[in-house]
Amino acid sequence: MFTRKNFTYITLFLMLFVLGACSNEEPNKQNNIDQNIIIGVDKDISSIDPHGSNDSASRQVRRNIYETLIYQNPDLEIEPMLATEFKQLGPTEWNFKLRENTVFHSGQEFTAEDVKATLERGLDPTVASSSSFMYEMIERIDIVNNHEINIHTSYPFAPLTANLAYNTSSIMSKTSIDKDYAQAIEKAGLDITVDEYYKLRDKKDEEFGEVSKQMGEYIGEFIQKNPDGTNHLKFVSRTNGDNIKLTKFEAFNNGEREFKDVTYRVIPEPSSRVSELEVDGVDIINALDVSEINLLEDSDHSKVATKDSVRTTYLGFNTKKAPFDDKNIRLAISYVINRDDIVNGILEGVGTKATTPLAKNVFGYDDSIEGIDYDIGKAKEYMSKSSMPNGFKTTVWINEDPQINSTALYIQEELKELNIEMEIRNYEYAALFEELQKGEHDMFILGWSTVTADADYIFNALFESTSITEANNRTNFDNEAFDNVIRDARKEMDPEIRLDLYKTAQEIILEESPAAFIYNNQFAIGINTDKLDRVEVDASGDIRLETLKLKK
């Protein structure tokens with residue numbers, strides 16, 4: 001029977017329920033924020049192996065799986081990371097004290113053995129890392145104890161800490177490295193152990209050369225599927241061309257994070273990335289151009305984060321191929337390009353014109369250098385002195401980047417002033433690099449980010465003669481005076497003397513013009529403000545998830 005007493009109890013229960021619900025309303029709202037982050041990116045990665053590639057798309061993902069000895073923050077400042085302390089003991093010796101109580105995603109403890117194994121792998125000819133130039137000066141690594149190492153270099157090397165802060169210096173577990181070598185040995189059909197391989201590698205004799213040749217195609221296959229780092233996210237899965245899934249590493253001990261699972265979705269079309277952000281299909285998007293920036297700034301659900309970049313977009317000439325072996329041709333083309341028109345028109349002011357290979361926030365930049373700017377009189381003068389004064393037909397190779405495509409179309413029109421007929425040949429992002437490696441190109445347009453914020457990185461990779469065989473020096477520039485200056489600069493520990501040497505290096509580059517430097521980009525990302533309060537992009541265009549804050 002339903003009585004007044006029953007009614008009283010029911011009423012009291014309902015009142016307590018409502019009060020409880022009201023008191024918990026705000027905390028529940030905060031606690032129910034989706035901590036899973038989806039990022040829309042313009043390109044798929046080339047390799048999840050830090051020694052497997054040096055492209056921006058791969059770096060974007062890898063930086064969240066691995067840590068480096070030294071950390072470069074979004075403002076390009078150097079800070080401790082896996083190395084809690086570091087100092088120079090002498091001209092060619094550095095000491096690094098390593099972070100304790102740190103484990104890899106596999107659960108294994110991080111020790112000095114992992115650092116030694118990683119850096120030695122990066123120098124291994126079998127691995128053939130395109131970034132080996134960054135630590136080719138390392139002569140040996142001595143383990144002092146489980147959490148301390150000394151690195152010895154073959155000559156004084158000023159940018160060592162900057163290079164060790166870069167993503168291709170990411171520390172992998174020795175166990176994963178050993179397993180990668182073991183799998184390569186097995187697939188190559190070799191009857192040796194991993195330890196025997198290491199002994200052969202130390203000898204670097206003819207036998208090692210044969211073994212290395214047989215193993216080379218299989219190196220990295222294990223690490224591609226089993227990356228083992230110490231950073232805040234660990235690898236879950238990858239669907240080539242579509243997505244990469246990562247999940248929060250609960251044992252991470254280098255700061256708090258507000259995210260859980262992170263998925264990188266490959267969305268090549270810029271307008272599709274923007275649409276996905278607007279309908280909450282993704283939370284962050286990268287590689288915004290001007291039209292997308294304007295659209296998102298007018299949105300009630302998103303905002304744009306920007307950063308002046310260390311990237312220089314340039315037109316490269318194959319200096320070993322006629323007619324681009326003629327300096328006058330290269331200078332004529334460089335002077336006919338109106339960089340102000342490109343920056344104000346194509347970029348709509350979101351960027352600056354480049355005067356040298358270096359962006360303004362790179363160590364070595366000198367604002368007293370005027371650079372090459374539009375001068376049709378000089379362009380025609382150099383053309384008249386060239387081996388092809390009446391003009392010629394040529395091609396430029398580019399990737400799918402919309403700004404680079406627009407830049408190529410603009411240059412195509414400008415070159416008509418010199419009676420140069422330029423065909424534009426488009427390639428997919430990865431295919432362009434494969435074709436350029438063959439050395440059959442006339443010209444190409446690419447961007448290069450000096451991610452270490454030190455001039456040695458771009459000068460070594462793009463213009464030093466020793467980098468021609470490494471496929472980074474795609475202009476095939478070979479200049480002894482330039483080589484000598486930058487080699488002196490990297491050995492010089494006095495910053496002021498280094499700056500003077502880099503000024504000379506830039507003057508040589510401008511005089512010889514293996515490339516025409518066009519503009520320095522500004523990087524921009526789009527952020528879903530309904531979900532995220534803050535996330536930064538750095539000067540190399542990477543989304544810094546360590547800065548991410550959810551909406552409260």
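Helices (H or I, at least four residues) and strands (E, at least two) are DSSP runs, numbered from the N terminus. With that in hand, let us walk through the model. This is a predicted model, where local features need pLDDT of at least 70, side-chain atom pairs count only at pLDDT 80 or more, and totals for chains, interfaces and linings use all residues. Residues are numbered from 1 along each chain as its sequence is written, and side-chain values use heavy atoms, with hydrogens and water left out.

Along the principal axes, its C-alpha atoms fill a box of roughly 110 × 60 × 50 Å. The radius of gyration is 27 Å, which agrees with the value near 24 Å that a compact globule of 552 residues would have; the radius is taken over C-alpha atoms, and the globule rule is 2.2 Å times the number of residues to the power 0.38. Of the 552 residues, 55% are buried, where buried means under 20% relative accessible area, exposed over 50%, and partly exposed in between (1.4 Å probe, protein chains only). Among contacts (heavy atoms within 4.5 Å) with a separation of 6 or more, 69% are between residues 24 or more positions apart.

Now follow strand β17 (residues 515–528), which holds Asn 520. Asn 520 counts as buried because its relative accessible area is 7%. Beyond its neighbours within four places in sequence, Asn 520 is in contact with Ser 309, Arg 311, Thr 312, Gly 351, Thr 352, Lys 353, Ala 354 and Ala 359.

In the loop between α19 (495–512) and β17 you will find Ser 513. Its phi is positive, about 50°, although Ser 513 is not a glycine. With a relative accessible area of 1%, Ser 513 is buried. Glu 348 is another non-glycine residue with a positive phi, near 50°, and it sits in the loop between α13 (339–346) and β13 (351–353). Glu 348 is partly exposed, at 47% relative accessible area.

Two further loops are worth a visit. Between β12 (302–317) and α12 (327–336) lies the loop that contains Pro 323, and a cis peptide bond with omega of about 0° joins Ala 322 to Pro 323. The loop between α4 (112–122) and β6 (138–145) holds Ser 132, which is buried at 19% relative accessible area. A polar atom of the Ser 132 side chain lies 3.1 Å from the backbone oxygen of Ser 129.

Finally, turn to strand β4 (residues 83–90) and Gln 88, which is partly exposed at 32% relative accessibility. Leaving out residues up to four places away in sequence, Gln 88 touches Glu 93, Trp 94 and Met 493. Its side chain has a polar atom 3.1 Å from the backbone oxygen of Gly 90, and a polar atom of the Gln 88 side chain lies 3.3 Å from the backbone oxygen of Pro 91.

Conventions
A polar contact is a pair of N or O atoms within 3.5 Å; within protein, one must be able to donate a hydrogen and the other to accept it, and residues adjacent in sequence count only if both atoms are side-chain atoms.
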